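This report describes selected features of one protein model. The sequence and structure are shown first.

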Amino acid sequence: MMKRRIVSVLMAVAMCSAGCGYHVAGRSDSLPKSIHVIAVPALENKTTSYRIEQRLTTATVHEFLAKTSYRVVPDPANADAVLRGKVLSLEAVPLLFDTATGRATTMLITLKCEITFEERETGKVLYHTDNFVFRNEYEISTDVNDPNSIKNFFEEQDPALDRMAQDFAARLVAAVLENY
């Protein structure tokens, strides 16, 4: 019994002092130390989804402000680095169905963007991808017996798009900061 405790304590000390190399996603910062201000101009919308670029831009600015110490501005002329992007496609497909009604209960949202993050003064590209793909599942209301179900569907659409934009922004900011 005593030997088991000693072994357990030694293993715990060894594990704590070993520094296993794990870190919290989105907390690493590999950007040059000369960057203090980041410009995030509105993303370009190449889809038919109305104002999706505004939601994604707003969420990205909020994510930078909430998770980093960088100042964020809309004008590239006033920044040390610029994040530019194009929303190339937005697709929503049914993923799960209610077996009783046959209606979709969960949608799979896939968003594809082109993203470039560059140091403004030198033009050095710090992060670039033509294929930044964000994919996530979102549940939808399926109460067909509720006379307000159509009304509820439209009332839930804006919050659902906002959640998607927040999830997208968290992934994007982590990718830029960690230089995946």
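The text below covers strand pairing, a helix contact, aromatic pairs and salt bridges.

**Strands**

The model is a predicted one. Strand 5 spans residues 104-119 and is mostly covered, with 13 of its 16 residues buried. Strand 4 (residues 81-97) pairs with strand 5 in the antiparallel sense, over 15 bridges. Within this pairing, Lys 86 has Glu 114 of strand 5 as its bridge partner. Six residues lie between strand 4 and strand 5, which form a hairpin. Gly 102, in the turn of that hairpin, has a positive phi of about 80°.

Strand 5 is also joined to strand 6 (residues 125-139), by 12 bridges, and these two strands run antiparallel. Here the bridge partner of Met 107 is Tyr 138 in strand 6. Strand 5 and strand 6 form a hairpin with five residues between them. In its turn, Gly 123 has a positive phi of about 75°.

**Ala 59 in helix 2**

Ala 59 lies in helix 2. Its relative accessibility is 11%, so Ala 59 counts as buried. What is Ala 59 in contact with, leaving aside its neighbours within four places in sequence? The contacts are Ala 165, Gln 166 and Ala 169. Ala 59 and Ala 165 are 106 residues apart along the chain, yet their C-alpha atoms are separated by 5.8 Å.

**Aromatic pairs**

The count of aromatic pairs comes to two. In one of them, the ring centres of Phe 132 and Phe 168 are 5.6 Å apart and the planes stand at 85°, so the pair is edge-to-face. Because Phe 132 lies in strand 6 and Phe 168 in helix 3, this pair ties together parts that are 36 residues apart in sequence. Both Phe 132 and Phe 168 are buried.

Phe 134 and Phe 168 also form an edge-to-face pair, with 6.1 Å centre to centre and 90° between the planes. Phe 134 is in strand 6 and Phe 168 in helix 3, so this pair links parts 34 residues apart in sequence. Phe 134 has a relative accessible area of 3% and is therefore buried. For Phe 168, also buried, the value is 0%. Phe 132, Phe 134 and Phe 168 form one aromatic cluster.

**Salt bridges**

Side chains of opposite charge can pair when their charged atoms come close. The structure holds three salt bridges, as listed in the table.

| Residue | Partner | N to O distance |
|---|---|---|
| Glu 44 | Lys 46 | 3.4 Å |
| Arg 55 | Asp 162 | 2.5 Å |
| Glu 63 | Lys 67 | 3.3 Å |

Arg 55 forms its salt bridge with Asp 162. This pair links distant parts of the chain, with Arg 55 in helix 2 (residues 52-67) and Asp 162 in helix 3 (residues 149-178), 107 residues apart. Arg 55 is partly exposed, at a relative accessible area of 22%, and Asp 162 is partly exposed at 35%.

Where do Glu 63 and Lys 67 lie, and how many residues apart are they? They are four residues apart in helix 2, so about one helical turn separates them. Glu 63 counts as buried, because its relative accessibility is 12% and the cut-off for buried is under 20%. Lys 67, at 39%, counts as partly exposed. In the remaining pair of the table, Glu 44 is partly exposed, with a relative accessible area of 37%.

Methods
Residues are numbered from 1 along each chain as its sequence is written. This is a predicted model: local features need pLDDT of at least 70, side-chain atom pairs count only at pLDDT 80 or more; totals for chains, interfaces and linings use all residues. Side-chain values use heavy atoms; hydrogens and water are left out. A salt bridge is a side-chain nitrogen of Lys or Arg within 4 Å of a carboxyl oxygen of Asp or Glu. Buried means under 20% relative accessible area, exposed over 50%, partly exposed in between (1.4 Å probe, protein chains only). Two strands pair if DSSP finds at least two bridges between them. Contact means heavy atoms within 4.5 Å. Rings of Phe, Tyr and Trp (its six-membered ring) pair if their centres lie within 6.5 Å; planes under 30 degrees apart count as stacked, over 60 as edge-to-face and the rest as tilted.
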